[in-house]
Amino acid sequence: MPAKFLLACLVLVIAGPATLQAADAHPRVIGFERFHSGEKGDAVVGGQLLLGELNCTSCHAADKSLDSYIQKKQAPVLDSVGSRVRSNYLLKFLADPQVTKPGTTMPNVLAGLPEAERKEKAEAIVHFLATTGTIAESAALRQSVNRGDNLYHHIGCLACHDPRKEDSPKDPLPTSIPIGTPSRKFTVPGLTQFLADPLAVRPGGRMPHLNLEPQDARDIASFLLKDLDISSGLQFALYEGSWDKLPDFSKLTPKEVGEAGGFDVGVTKKTDNFALRFDGHINIPKGGNYLFLIGSDDGSRLFIDGKLVIDNDGVHPFQQKRKQMQITAGLHAVAVEYFEAGGQETLQVEYQAEGQPQQKLETLIAAPPSKKPDKPEEGAFVVSNDLAAKGKEYFTTLGCASCHNLKKDGQQLVSKLTAPAIAQLKGNGGCLAESPAKTPFYALNAKQKQSITAAIAGINGPPRKPQVGRLASEELISQNLVRFNCVACHTRGELGGVEEARNPHFKSDMPEMGDEGRLPPPLAGVGAKLRPEWMQTVFNEGAKDRPYMFTRMPKFGTANVGSLVTALDEVDKGSLKPIPRLDVVDENDKKFKAAGRRLVGGQAFGCIKCHTFADKKSTGIQALSLTTMTKRLRPEWFHHYMQNPLAFRPGTRMPNVFPDGQTTLPKILDGSVDKQDRSMWAYLSDGDKAILPVGLVTGAIELIAYDEAIMYRNFIEGAGPRAIGVGYPEKLNLAFDANNLRLAMIWQGAFIDAARHWEGRGAGFQPPLGDNVIKLTDGVSFAALENDKAPWPGATAKEQGYRFGGYSLGEKRSPTFTYSLGDIKITDYPAPYGDADVYVFRRTLSLASEKPVPNFYFRAAAAGKIEELGGGSYKIDGQWTMKIGSNQKPLVRENSGKQELLVPVVFEGKGARITQEFEW
Amino acid sequence: MIRATLLFVALLFVSSIAVGQAPKEEDYYKLVEFPIPEYVNLEAGGLELLKSGKLAISTRRGDIFVVDKPFAVPPTDVEFTKFAGGLHEVLGLAEKDGWLYCTQRCEVTRMKDVDNDGRADLFENVSDGWEITGDYHEYAFGSSFDKDGNIWVVLCLTGSFTSEQKYRGWCLRISPDGKVIPTCSGIRSPGGIGANAVGDMFYTDNQGPWNGACSLKWLKPGSFQGHPGGNRWYEMTGGAIGARPKDPLSKSRMMVETKKIPELEPPACYFPYPKMGQSAAGIACDTTGGKFGPFKDQLFVADQAHSTVMRVALEKVKGHYQGACFPFRQGCGSGALSLLMTKDGSMFVGGTNRGWGSRGSKPYSLDRLVWTGKTPFEVHEMHAKKDGFELTFTQKVDSATAADPKSYSLSTYTYIYQADYGSPEVDATKPTITKAEVAPDGMSVRLTIDKLQEGHVHELHLDGIRSTDKQPLLHPAAYYTLNYLPE
């Protein structure tokens, strides 16, 4: 935008709102704003763009030869506008479109009329439009709002619209389509319906179809309309008491009621002796066979439509039950009951539709209809039949029907308005006049008018433009890329690309891939890259082939952008040399394909280290699936790309498979680059049916202690990032947490599966492989307390002055850990103890200190329940037994909602010794 | 028409050389490949030649193997024994006073075989002065001992992007008594660490945020290496290396920011991506005094993705290291990660390609590079001058070709210094070589250039140069990182 114009805006802002409207309300056409509003753009091309985007040719007929220059943006189809858009909004909109929705391309067709007449006509038309359907109301869902926020800001809406975060810049980008306050116009169901299939209402494809699941559409609608009523759709009631099975809730009075975001115990801070009941509705999108799951610690039940579906009652650790059932589409009442006695508290309610992944049930929660029928301050809109009949007449006589399709009672309404053909236009007056008397008012700005005038002059001469006829392909391509705003995401050579201000909105879950992972691919040479039939598919169905990229390729419809397929083919195809002919081979030969499989695999070119393969993840980053390559790409492009990826995709991380035109694997297929290339192509042509390549899926790597203990230092779930796992030949195992210097876990049977850390990059924490895992007390094991009531310190071991010393390996290489706390040196020797059949862990803790340490304690356990059994033995949480050997009597105490077993450490001379046996 | 004929003649000329007599790397440096027994997974993260003459190799799986006859020719009758196991991604080994020190993910640990059964049985935590979160990217690479007995540890950022725990993105020195000496901040994702001939420490960092391309960087104590992610820990250092430097401005240029941030040390040498490599890794210095060929005191850097070893000749200009890298040797069995130069003139190369693909297609490898005794015709060193470069060669140059400016082609470019991932080559120029003067002894050439670009990589191709016996250069390319122009 030229500085002068900005200055003008500024002056207008100061001058006041009346003049502002006139200046700021010019129709917003992104391509025009970006490429033609400044000094550089070609006025004729800019004008042609406007003639299409402003739908001029709907009234001013254009010669067939102008088709490729002026592609009309069809106005919204109004067949069922009454069910989508609030009538009260339409009243305002028709009275003055540019004021109501600044930037709209809808002209004010009533602008030339006296005010009384304008009002009468607008009202009649709205009454008529209201007869096309009934508006439905429902509240936006609180959970949906957050999900919709996330979708709106990630999947690509921001290519054309502005962000809607608290801290988003207040000034919209000039190249954005403003959204304003959509709640004035839409209800949640109305906007959901529009977002789910924008092409049904706006067939012109400028707002493309984003392949939203119905739930996604509802989420985004809820987010955009979050200034309306929001409801969670789910209520909870909290009860307090001590039970060993679910109580009869009807006889209890809740301590607290409120809205819940999901079936989650987090609605209360209580951790023991409470019960919850959740009530709400779920909306089943498609009837069929559903699996419902409820898991809890302690008991729970699931009701659907008042009937008990799953009973998971009783005091128990986390336990999950499931039930498969037929359920019809639509709303169903759902209730979940839950109670917690002591110990851990968990509740999970999930469902699985056939062929779908398991999901939380709360994603199906539906909001009850909003109690307020329309915008509250405006009251309900009541249709008058008389007015509607008049409105129908106006719809055809005032020109509405020239642009808008509307089928009423099976009949397409036809405009009775006539206007001169484009060829008769002079390029001034009429719609371009300062204040048109009889023609529609577009609020065009000076630059727009100039461009339209130039375009009409270009068409109608003199001298008549010589190239009227078919547009040259490259021009057709660039004009379409601008028209459909493909250039908001893509470049083609020098044209377009993500604008600087929008760049931060493009993200991926694979930051290591850099821009390549987050910005949609460049389109230079795309006609040589993609098969025409694949391009056709992408235009018709949209695409989401890059799993790491948050934006998706929307569906524009071949009716709108189909001409690009031939044009791109024509312009780009020639840039590729054909593939050299192979004198061999039958490309379907099994051995040839097998060589390709080997090359793709982990011990050859290692494609699978970065690329996914069908539904299998790669071992490194998750680049585009190999099994879609042959469906998407032309074989020639693949052939040349493999030998020099950078020539096709500057900055790509894809390495050159054949550096210097040579293969690094001379022994496969005679070391012929061409054969190797073709064999991979032949193999990948099997698509999802291709046999998995070597190295993609690996089995478990179970580490087994045969006759000596083995060690595994790694990220172990339950023992932290600095865990030291030890597997003993007696089939007992432990994990020592070298960060907090504590015995973190013990378990029986198999030790650990190292595959997670030893295949691929080794991300994440690995849980024990065996059985009966006991998670021991978090936090440090020893502390000096002021007295035996003082809370156990919570700081990390390092903060408390502990230091890990290391370990020595003794008999059968079993480790003795050493660590210190200040001057106190501690050795910690856990080992299996028993005879051939029965082993328990016995841990011997030896302490040494030069100075006496007063009030020093060993915390042997912290648990929900600790019962003394006598003889130094204690039952922990009713599940396992710990036996303490010490010269001091242990004590059981309450501390922050738990029971703790403390052993006083009293040094005899310079040493102290405690033994601890674990039997489970 | 004349041009076409010339081109045709040139093609004839080039192809006549290619036939039969083109110099090959293996004529000068042999790559001896160790057969690795099936029971050994040798994803070699660290290498150390023990006093016993055996070679210790630490692995990403946490084992330490000992090879009994590392210099055997051929290396067929070689035994791999497991000295220790169960450690956490060991990426550094060094021996001292009967202890084997290793840098593993969470600590520097030393170990000893007390009962002399060939296996370590005592493991002591020397230092755990940094934290880990459970993110696989939080690697720790450890050096061997410096002259003060310190081990230098470079710590990758969390996820290679942020510093979620103490000292992620730092270089620490671990003193002999286990004390932590905070040394540099600004590290992103290291691939190796090693000292030059005078004991200054270097590490490699990889393309990513604030790193336009992979590079070799000088760990000058107190310096800031360019990625501001770890700078939040300055306050924990107790002022050991001064106050936190100013944050760099994204989308700037390195040598613009060094003027604003005095602590910022620019990379000594970029490895243009992907011409030289895509994943810079281990570092070794030729301190053999000629046993490894003519590249005395130069540095060698592994590239994991390309399975290569590159060569770097640095000089000091205005108090900072800078210099040129050259291709050196390709064809390592797996992704080249760890390097070790031994006194006899062998360079061991340890490889792995788990999680990151490599040209070398084996899952892991151990190779030994040995000089055959034949001197390759190479650019030996490249020195920046005020108005050009001085090139020295390993053999006498043919003065007709070497004195012809048309035998050379020079371009320059730099990288965007930015928070975004990597950078394209930007601000390109095409300087003119106005003069090429051959020294009387034929061992060096002085190029006069109009004009050098401070802050740019100078990519020089020397396709037209011949030695006195009409051989082309084994590697006719050099990439000089000109951060500072000499006075």
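Modeller: Let's begin with one pair of side chains: Glu131(B) and Lys798(A) meet in a salt bridge, at 2.7 Å from N to O. Please keep in mind that this is a predicted model. Across the interface of chain A and chain B, the rule finds 5 salt bridges. The contact takes 48 residues from chain A and 45 residues from chain B. Between them, chain A and chain B bury an area of about 3,900 Å², and carbon and sulfur atoms give 46% of that. On the chain A side, Arg713(A), Trp758(A) and Arg761(A) lose the most area to chain B, and together they make up 18% of what that side buries.

Now step into chain B. The largest nonpolar core has 80 residues, and those with the most contacts inside it are Trp130(B), Phe271(B), Phe393(B) and Tyr408(B). Strand E32 of chain B, residues 477-482, gives the largest share of this core, with 5 residues. Domain 1 (23-371) and domain 2 (379-482) of chain B both give residues to this core, so it lies between them.

Leaving aside its neighbours within four places in sequence, Phe271(B) is in contact with residues including Ala213(B), Cys214(B), Ser215(B) and Leu216(B). The list of contacts for Phe271(B) also includes Met276(B), Ala280(B), Val301(B), Met310(B), Val312(B) and Cys325(B).

Staying in chain B, have a look at strand E27, residues 409-415. Of its 7 residues, 5 are buried, so E27(B) is largely enclosed by the rest of the structure. E27(B) is joined by 5 bridges to strand E31 (residues 456-461) of chain B, and the two run antiparallel. In that pairing, Ser411(B) stands opposite Glu459(B) in E31(B). E27(B) is also joined by 3 bridges to strand E28 (residues 425-429) of chain B, again antiparallel. Here the bridge partner of Thr412(B) is Thr429(B) in E28(B).

Back to chain A. Of its 920 residues, 52% count as buried, and the chain has 27 helices and 35 strands. Its C-alpha trace spans about 110 × 80 × 55 Å along the principal axes. Among contacts in chain A between residues at least 6 apart in sequence, 65% join residues at least 24 apart.

The buried residues include Asp216(A), Arg218(A) and Asp219(A), along with Ile220(A), Phe223(A) and Leu224(A). What covers the buried residues of H12(A) includes strand E1 (140-141), helix H9 (142-154) and helix H10 (188-196) of chain A.

For a sheet in chain A, follow the order E9-E6-E11-E12: this is an open sheet of 4 strands with antiparallel pairing. Strands E9 (319-327) and E12 (359-360) of chain A are its edges, each pairing on one side only. Strand E6 (residues 288-297) and strand E11 (residues 346-353) of chain A pair in the antiparallel sense over 8 bridges. Within E11(A), Gln348(A) is the residue that stands opposite Gly295(A).

Thr57(A) is found in the loop between helix H4 (43-53) and helix H5 (81-84) of chain A. At a relative accessible area of 16%, Thr57(A) is buried. Not counting residues up to four places away in sequence, Thr57(A) touches Leu51(A), Ala62(A), Ile70(A), Lys72(A) and Ile422(A). Thr57(A) and Ile70(A) are 13 residues apart along the chain, and their C-alpha atoms are separated by 8.2 Å.

The other residue is Glu917(A), found in strand E35 (residues 911-919) of chain A. Glu917(A) counts as buried, at 18% relative accessibility. Beyond its neighbours within four places in sequence, Glu917(A) is in contact with Tyr833(A), Val840(A), Phe841(A), Arg842(A), Thr881(A), Met882(A) and Lys883(A). Glu917(A) and Pro832(A) are 85 residues apart in sequence and 9.5 Å apart in space, C-alpha to C-alpha.

Note on methods
Residues numbered from 1 in each chain as written. Chains lettered and ligands numbered in written order. Predicted model: local features only at pLDDT ≥ 70, side-chain atom pairs only at ≥ 80, totals over all residues. Heavy atoms only, no water. Core = buried A, V, L, I, M, F, W, Y, C linked by side-chain atoms within 4.5 Å. Buried < 20%, exposed > 50% of the residue type's maximum accessible area, 1.4 Å probe, protein only. Domains from an automatic or database assignment. Contact = heavy atoms within 4.5 Å. Pairing = 2+ DSSP bridges. Buried area = accessible area lost by both parts, 1.4 Å probe. Salt bridge = Lys/Arg side-chain N within 4 Å of Asp/Glu carboxyl O.
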